[in-house]
Amino acid sequence: MSNPSVPNAQDLRSAFDQPLGYVVVCPADVGGTSHRYSPLLAEQVDEAGSRLVTLPHGISRTVAAALPGLWYTLHLPSTLMDLVAMRAPLLKAAHEVNNGHHILLLPIDVFEQRYVDGFLQGSHRTLVVCPDELLEEASARSEPMGFALPVTGYGSLTDENLTAQWEAVHRHFIPGIEPLGQNLALTRRLDLAPTLLPHRRLARQMGWTADQAEPPSGHGTDGPVSRAVLGQAVLATVARMEDEGTLPDLDDHFERTMAEEPRRLRFPLMLALPGVAPAYSRTVYSGPVRARMHAADTQDEPHDVWSVTMHERSDRQVERCAIEFAATHHAVATSGLGLMMPDVPAQGFIALSELERHFTLTRTESPATVRKLLTRLNEATSSLWSEDTIELIKRASRLTVFSNFPLGLLTMPGDTSPLAARLPITYRPLLPLARTIQHEINTRSSVNLSGSVRVLIAECIPASDHVGQLSRLGWSVAMETMQPAGDALKVDTVEIDTVDALRRAVIEHAPEFLVISAHGSFNGNVAGLVIGDRVCVGLGLGPAHAPPVVLLSACHVAPRGAGAVTVTDLLLREGALAVLGTQVPVDVRRNAVLTGRFFANVAAELKGPGRHATLLDLWHHVQGTNAVNDIFTGSQSLRDWSDSISASGVSVLEDFMMNRSVGRLRGPHVYQNTEDVLGEIADDMGMGTKVRNWFRRPGYTPESLFYLFAGRPDRIRLAHAGGGRLASPVRGARYRPAMTSSDHLLDLIRSTPEIDLLLRTSFGFDIGRKYHGEGLRLASDAPLEPIAGESAGGAYFLCAEEGGRRPVVFASSEGEGGLIANDLADALEIIIGLEWRDCLGFSGGGDLEVMQVSAQHLERYLARGNPEITEERAQVAAALSLRVVPVADLVIRLWEAASRTEPDYVVTTEDGEPYDPPFGEYSEPRHSGWR
């Protein structure tokens, strides 16, 4: 007889699909919670007003009272998967999803069924936490709401109760499954929590000892950051070995794999960077209030430590606790790491303001002045860089910055280009801080873009305006760039003269992308859009109608130097998931080129699987590869030279993109790398000195890096429609390099973890196994360059270049080997498109007709064993700009290459023993035949 308390398999699947839902209750505001919030202040905050809110970031004392409850829930499970043992590959894959704690923050006077039903729909109602003085009322209000555990007051927020509640959640939701064990304790040092808590949660899953889970609190090789990075490296190693099925052979193979993983280790990183601009404080706070803030800044305060009374501390400490919570919540949600940084120095904001003001005050920016102001900005903020910060950023796959300061404009020590060129960055503003907390715990689902995506271009600049004419011309050029997208993008353009007209257009078209083309207005402490005869900061789109993505094609709508209230930030509050804006005035024509390239790349991803999993990844690619545009548009001399014919017989731009730059541009040095490659082209033309002088006088401005994405572009996933690959759709934009050289293909694989994983697991091409081919050579004594291996011990090699191509040879662990393709691109098309080794093995001694029959049987077996093989082939092909070639054609190519193994491509051992030919003698499996 079955146990009725044990859920069946279907119930378990449903249970694991739902997050756990928590409510943290705080006191009601004075006068109730229903008052209307406005981001714009009619007058400065005086002494009386400053007692109700912390300074300078602004979190009300009533909301701050929720901090102990918020921190406590962060130590509870976020999903039922936290309660059971998970395989390492799944833990590693969690970097690309968001399993954030589902927390509803409510004042006690609105802790009502309707709000809980709306927010926690589809969640397991788990626990309510509140201050002790609200315990009785919260318990009464929650009774009909069906929470699994009783309401918990702050007086019960202890390690012992935390352990008991983990166990109670397990018993309530999945009683028939063995618990994981190794309970969490509350984090003592909140300033270290963004690093430590994700590491401790990982240690719990991995079964590590207490000292591995809780490293010392100092710096250096054994501090929290180094230990947490080591933990991520161990996870990556174990995940890779589990994928390869090599865990039983741990000792030797683990050491080799562990030595390889740190070189390619990447994980999501969160940085919290407090601080407000002095200009903001002067605008918002009265003189006496600013004096009190300054006095508090000079006081020596202890470290942030866990306490149920943390909300009663000084403004500075309360704000740090809140910012640390936001960063930690995000780090835990992505299974990444985070770091709390020092406050931005006042001089940093002042230097930033001078930089932004230069663009505003001059009709055309001076590249030399911009370089000087960027150098001054780096000098003013040099104190922000620590060894831990640099170490983490070097390992980051993407960066989420909780700050009012554009960290991406700074150049990290050792780099030559600003940080925005190194890796994808998105920003979460910290003003006001209460909104930051609410925005962070609102774990809105990811948006998956697929099929046909709607784009609405709202043109708000009158056609009679000169800039309006240029804007329309720019959009027409951009539309031509997007034409190869076909039906992947449905683009509509509307003329807008009022905010009401904009709202109506958004409701009518319901776009996924809203592009607002308008004049920007930055006056005083407000940065908005000019629509009709009004300057608009809030657009009133509302959560029901705000598109997921808003692109503001307007000047200085996201300035940071003066701490302005910006339309960029307010659109996030209105419900947009991600907003792209500019810090400074930008050229309307260059903006159109950049935006056109952006949408061309979006269309390419929608038409077929590609390189970019999220919108943030795609934007970083577009932004980073626009360096050559920034350089060529720096002066008329450079523009003219870009169209001239290089020594290769094509334009300088084409030579750069299609030939010379391939595999040579690195994010941390992309502008210097671009200059170097262009300088070499100029040398070949006898113009090296002249062109290099143009780089400096008059020079160029890295305008692309003054765009910033705010919100959650990393949550907008580019779901691929399948059905083939769009044939070179973005080459019309002129700035996407061809992906044909062997080095570039290998670089792409290394820098695209999901493609690396597919090649390893589904196609037996593992660039981490190069050691399998050590010591082998060709019979001609020509060297072989090992590039990859496979789990059975075989190895792939590149031969010396012949006619601009490097042939590919394979040597198996059983002693067969030979030529398989004329270059790596051809080889990879064979590797992903054909069961090529068995096709050679069952070839009847090299009979093409036998190979064609064998290939068809092998395809049938493969489809049964891996139903997703077609999609996986398409994904790898699109990411590497390869073709999905019919099987029959691949068989012919493989047969032709293998037939040329003798005499030039015979593989030999170190002792000169030749490998057997690649063709097998059998026509079908010996014992069972083809079934």
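How many nonpolar, polar and charged residues are there in the lining of the largest cavity?

1. Basis of the note. The model is predicted, so that local features need pLDDT of at least 70 and side-chain atom pairs count only at pLDDT 80 or more, while totals for chains, interfaces and linings use all residues. Residues are numbered from 1 along each chain as its sequence is written, and side-chain values use heavy atoms, with hydrogens and water left out.

2. The structure contains 3 cavities of 30 Å³ or more. A cavity is a set of points, on a 1 Å grid over the protein atoms alone, where a 1.4 Å probe fits but cannot get out, and its lining residues have an atom within 4 Å of a point. Grid points are joined across faces, edges and corners, and a volume is the space filled by probe spheres set on the points. By class, the lining has 13 nonpolar, 4 polar and no charged residues. Here Ala, Val, Leu, Ile, Met, Phe, Trp, Tyr, Cys and Pro count as nonpolar, Asp, Glu, Lys and Arg as charged, and the others, Gly among them, as polar.

3. Elements around the largest cavity. At least two lining residues come from each of β8 (425-428), α25 (615-624) and β19 (707-711). The greatest contribution is that of α25, with 4 residues. Helices (H or I, at least four residues) and strands (E, at least two) are DSSP runs, numbered from the N terminus.

4. The second largest cavity. This cavity has a volume of about 90 Å³. Among its 13 lining residues, L551, L580, N591, T595 and Y707 are the closest to the centre. Two or more residues of the lining are given by each of β16 (549-553), β18 (578-582) and α24 (588-607). The lining comprises 8 nonpolar, 5 polar and no charged residues.

5. Helices α32 and α36. Helix α32 (residues 753-763) packs on helix α36 (residues 869-879) at an angle of about 135 degrees, and their axes are 10 Å apart. Axes are lines fitted to C-alpha atoms, for helices over the stretch in contact, and angles run from 0 to 180 degrees between N-to-C directions. The two helices, α32 and α36, are therefore oblique to each other; angles under 35 degrees count as roughly parallel, over 145 as roughly antiparallel, 65 to 115 as roughly perpendicular and the rest as oblique. The crossing is left-handed, that is, the near helix is turned anticlockwise from the far one by less than a right angle. In α32 the contact (heavy atoms within 4.5 Å) involves E754, I755, L758, L759, S762 and F763, and in α36 it involves I869, E872, R873, Q875, V876 and A879. These contact residues are 7 nonpolar, 2 polar and 3 charged.

6. Helices α9 and α11. The axes of α9 (residues 193-206) and α11 (residues 224-244) come within 10 Å and cross at roughly 35 degrees, again in a left-handed crossing. Residues T195, L196, H199, L202 and M206 of α9 meet a set in α11 that includes P224, V225, R227 and A228. The contact has 8 nonpolar, 4 polar and 1 charged residues.

7. Backbone points to inspect. The peptide bond between L55 and P56 is cis, with omega about 5 degrees; P56 is placed in the loop between α2 (47-50) and α3 (61-64). A cis peptide bond also runs from L431 to P432, with omega near -15 degrees, and P432 lies in the loop between β8 and α20 (433-441). A510, although not a glycine, has a positive phi of about 45 degrees.

Notes: On a 1 Å grid over the protein atoms alone, a cavity is a set of points where a 1.4 Å probe fits but cannot get out, and a pocket is an open set with protein on both sides within 12 Å along at least five of seven lines; lining residues have an atom within 4 Å of a point.
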